[in-house]
Structures are given as C-alpha cells and as structure tokens.
Amino acid sequence: MAWDFETDPEFQAKLDWMQSFVDEKVEPLGYLGIHPYDVKNERRNALVQPLQDEVKRQGLWACHLGPELGGQGYGQVKLGLMNEIIGGASFAPIVFGCQAPDTGNAEIIAHYGTPEQKEQYLQPLLDNRIVSAFSMTEPQGGSDPTAFVTRAEQDGNHWKINGEKWFSTNGKWAEFLIVMAVTDPDAPRHERMSMFIVPIDTPGVEIVRNVGVYGQPDGSESYVRYTDVRVPADHLLGERGGAFAISQTRLGGGRVHHAMRTVGNCKKLLDKMSRRAVSRTTRTGTLADYQGVQFDIADSYIELEQFKLFVLKTAWTIDKYQDYRRVRKDIAAIKALMPTVYANIAKRCIHIHGSLGVSNEMPFVGGLIGAMVMGIADGPTEVHKVTVAKQHLKQYRDVKDPVFPDYSLLNRRALALELYPDPIGDIQDAAEAVA
Ligand SMILES: Cc1cc2nc3c(=O)[nH]c(=O)nc-3n(C[C@H](O)[C@H](O)[C@H](O)COP(=O)(O)OP(=O)(O)OC[C@H]3O[C@@H](n4cnc5c(N)ncnc54)[C@H](O)[C@@H]3O)c2cc1C
C-alpha cells in the first residue's frame with residue numbers, strides 16, 4: 001500500500017529554498033523589460049547567468065532531464081512540485097533550465113538525435129547558450145496535422161523545404177527550428193511527415209513577422225516562411241516519416257509541464273485573492289466576511305486542489321511507466337481541465353480586486369488570456385477531450401461483440417433472486433418491488 005501525499009523533508013528543504021530564491025531574486029527580473037529568451041542580450045545574460053549558476057550549485061538545474069544529460073533525474077512528481085514554484089515567475093523556467101519549448105526540443109534530440117546532432121545542438125541548448133523553436137503549426141491548420149502542407153523533398157544529399165509555419169514560439173531568438181514537413185504524401189496518415197533541424201540562418205528561412213499574444217508588449221510567436229530551404233540529409237531528426245510519433249513524445253511531456261506550472265499560477269492567484277479578501281474593508285467588515293466571497297475562495301481552493309492532485313497523480317504514473325503513451329488519457333485530461341480551472345480562478349481573482357483587478361496594474365486579465373492560451377497551445381481542449389473519451393471507451397469497445405447489457409433494476413433484481421433464491425417466498429415479486 002503506497003498512497004502518500006507527503007514530501008520528504010530533504011526535498012521539502014530544497015523546495016523551501018526555491019520558493020524564497022524565486023520570490024526574492026527571480027521574480028523581479030520579469031519587470032525589467034527584458035525577455036527571458038533573449039540570449040544575445042548582454043544585460044539579460046549578466047543578470048540571469050549568476051542565478052543559473054546558483055541553481056546548478058543547489059543541484060536543481062534542468063530537473064526534467066536524467067543525469068546523463070546534466071539533469072538530476074528527479075522524475076515527474078518532484079518536477080511537478082518544483083514547477084509549482086517555477087510557474088509563478090516568468091524568468092524562473094530559464095533560471096532553472098527547464099523552459100519550453102527548449103525542454104521538449106532537447107528531449108527529442110536526446111532521444112532521436114545522432115551523436116553529431118547532439119554535439120552541435122543539444123549541449124548548447126542544455127547549457128542555455130542558445131534557444132530553439134518548434135515549427136509545426138501552419139497558418140491553414142493547427143489542430144489537425146493532416147492539414148499540414150509544408151513539404152520537404154530530397155535534393156541530392158540535401159532536403160529542400162518549402163512552406164509556412166505559424167506560432168513557432170521564440171523563432172526570433174532561436175538558433176535553430178525543429179520543422180515538421182511532409183516527406184511522404186502518399187504514406188498512411190501518421191507516417192507522412194518527418195522532422196528536420198533547421199538552423200535559423202539557413203538561406204530561405206524568413207520570419208515574416210512576430211505575433212504577440214494579446215497584452216504582451218512584444219511578439220514572440222514567429223510566423224516563418226521556408227522558401228527552398230536546403231538542409232543536409234543528416235539534419236533529418238529521427239526516422240523518415242516518424243514526425244508524428246516523435247511529436248507525441250515531445251508534446252506529452254510539454255503538456256504535463258504546462259499543467260504543473262499552471263498549478264503554480266493558480267496558487268499565486270488564490271494567494272492574492274485571499275490577501276485582498278481579508279484586507280479590503282467595506283461598510284460592515286472585510287470582503288472575506290461576505291458569503292459570496294467565501295464561495296469564490298472555497299471554489300478556487302477546491303478546484304485547485306483537485307487539479308493539483310490530478311496533475312501529480314499523472315506525474316506519478318509517468319514515473320511508474322516511463323512512457324508518455326501509456327499515460328495518454330490522463331495527460332489529455334489534465335490538459336483539457338487546465339484552462340477551465342485557470343480561467344475560473346483568474347476570473348474570481350479579478351472580481352475580488354474590483355477595478356484594480358481589471359486594470360493594467362494587475363496581472364489578472366493576463367491570467368484569463370493565459371487560460372485561453374492553455375486551451376489552444378499544444379492542441380485545443382476539444383481535441384484532448386476526444387482523446388480522453390476514445391481512451392476511456394477503448395476498454396468497452398475492445399470487448400468482443402459489445403452488447404447493451406440489461407442493467408434495468410428489474411433485471412438486476414431477477415438476477416439477484418437467481419443468485420440468492422427466496423425459499424420462503426416473503427420477498428416481493430421482482431416486478432412489484434421495482435414498481
Ligand atoms: C501561445 C501559443 C504558443 C504556441 N506555440 C507553438 C509552437 O511553438 N509551435 C507550434 O508549432 N505551434 C504552436 N502553437 C500553435 C498551437 O499548437 C495551435 O494553435 C493549436 O494546435 C490549434 O491550432 P490552430 O490555432 O490552427 O486552431 P484551429 O485548428 O484553426 O482550431 C480553431 C479552434 O477550433 C476548435 N477545434 C479544433 N478542433 C476541434 C474539434 N475536433 N472539435 C471541436 N472544436 C475544435 C478549437 O477550439 C480551436 O481552438 C502555439 C499556440 C499558442 C496560442
């Protein structure tokens with residue numbers, strides 16, 4: 001019997017250190033007008049690198065990775081607890097070496113890359129000397145990969161890529177992009193595309209513009225055009241036709257990490273709404289004295305605890321099976337749940353702060369947008385719900401010749417009487433009893 005909701009004291013001490021380090025040193029970086037991913041900005045580097053060194057000294061660097069790649073091999077549960085803290089500050093993922101999309105990109109290069117690819121791209125990425133982008137979504141289709149048309153064709157000992165990609169996050173700072181392109185249009189649906197490592201300075205790579213998510217001061221979602229972009233054959237990542245399978249590995253981890261960081265964001269919002277509720281006075285007391293406000297606090301706490309436990313249980317299952325595909329249903333479920341919990345808590349936080357809550361002096365409306373983003377990025381909620389339903393129904397569909405069982409009360413009672421006959425006849429007739 002091994003259900004345990006406690007953090008061991010040794011790791012709790014690390015989490016306590018993290019919390020004060022993030023609050024005191026890391027969170028303030030988010031207000032200086034520099035971007036965490038702008039690795040060519042000397043001011044950014046002068047501020048960030050000493051903090052990264054401190055994290056390394058504490059043995060907390062790149063905790064999503066195993067020791068063979070310079071991480072700690074802590075597994076997903078510990079990472080989940082860490083991400084709750086990391087999720088509350090915009091610079092924290094970079095300072096702790098576990099920022100998306102580099103985490104996912106590093107994971108797939110580590111998993112599928114050749115020794116040369118690892119040397120050239122993985123190590124600098126793990127050291128945060130460079131950052132990367134993942135270029136999958138296209139202007140005419142994101143949720144449905146069968147709509148992707150970006151092509152890669154063999155051209156001597158090179159691949160030639162043509163097409164357009166949309167929302168390649170951090171393209172403007174990236175040293176390379178991992179591009180998904182159709183190499184085998186006539187192959188089965190999941191084997192049509194391959195992945196390529198494309199250095200940003202390859203001729204033909206053009207950033208058409210950098211789009212911002214609403215409310216962000218600058219855009220970091222790159223709209224990228226690829227025109228006759230030639231990369232050597234050895235820049236194919238993994239097997240030809242393997243992009244779909246590789247991307248599922250990548251996105252599986254990414255979705256869980258988003259959920260973990262969202263727990264952190266929601267905790268901060270609940271903390272702020274609670275402080276406001278007990279300190280804002282009204283005619284008859286404080287906001288916290290009103291039952292309507294208490295409901296807001298209670299609902300937020302209940303939803304957050306449910307979500308957090310579901311995220312940690314999913315993390316625990318990944319640690320157990322070491323296979324994202326086996327945990328597909330729960331990963332999709334927490335991904336689908338995340339935007340609702342986040343939006344509900346952000347909305348209540350805005351409500352309790354009144355005019356201040358909707359103002360641009362508070363980050364709460366950003367929380368609402370963040371919730372919407374969590375319902376779109378890495379696949380929209382609807383698609384994840386379809387996955388949950390399909391996975392859940394699998395066990396029912398897999399039964400040979402499924403039939404609709406008669407589980408009417410009438411029939412249950414008749415069956416019960418077959419199992420436990422009524423020798424003296426004092427139990428009512430099944431039909432009468434149900435009626
Ligand atoms: C902040 C942010 C960062 C991102 N970063 C990256 C990145 O780094 N790399 C990358 O490649 N992509 C990235 N994306 C893109 C993301 O993966 C896509 O936006 C997502 O897959 C949805 O595709 P779409 O925007 O084209 O929406 P569409 O496919 O046009 O869908 C529009 C809407 O239709 C609805 N919908 C879709 N399918 C169904 C369905 N089956 N049933 C019911 N409704 C449905 C959904 O609500 C969806 O939001 C990012 C997106 C955001 C918002």
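Quick housekeeping. This is a predicted model, where local features need pLDDT of at least 70, side-chain atom pairs count only at pLDDT 80 or more, and totals for chains, interfaces and linings use all residues. Residues are numbered from 1 along each chain as its sequence is written. Helices (H or I, at least four residues) and strands (E, at least two) are DSSP runs, numbered from the N terminus.

Back to our pair. The contact (C-beta atoms, placed from the backbone, within 7 Å) includes Leu304, Phe307 and Phe310 of α8 and Ile334, Leu337 and Val341 of α9. By class, that's eleven nonpolar, five polar and four charged residues; Asp, Glu, Lys and Arg count as charged, Ala, Val, Leu, Ile, Met, Phe, Trp, Tyr, Cys and Pro as nonpolar, and the others, Gly among them, as polar.

Now the strands. β7 (residues 221-232) pairs antiparallel with β3 (residues 158-169) over nine bridges; pairing takes at least two bridges in DSSP. Lys165 sits opposite Val224 of β7. β6 (residues 205-211) also runs antiparallel to β7, with six bridges, and Val205 has Tyr226 as its partner.

Finally, what surrounds the ligand? 22 residues do, the closest being Met136, Thr137, Gly142, Ser143 and Glu382, with C-beta atoms, placed from the backbone, within 6 Å as the cut-off. β1 (132-135), β3 and α11 (381-397) each give two or more residues to that shell.

Conventions:
Two residues are in contact if their C-beta atoms, placed from the backbone, lie within 7 Å.
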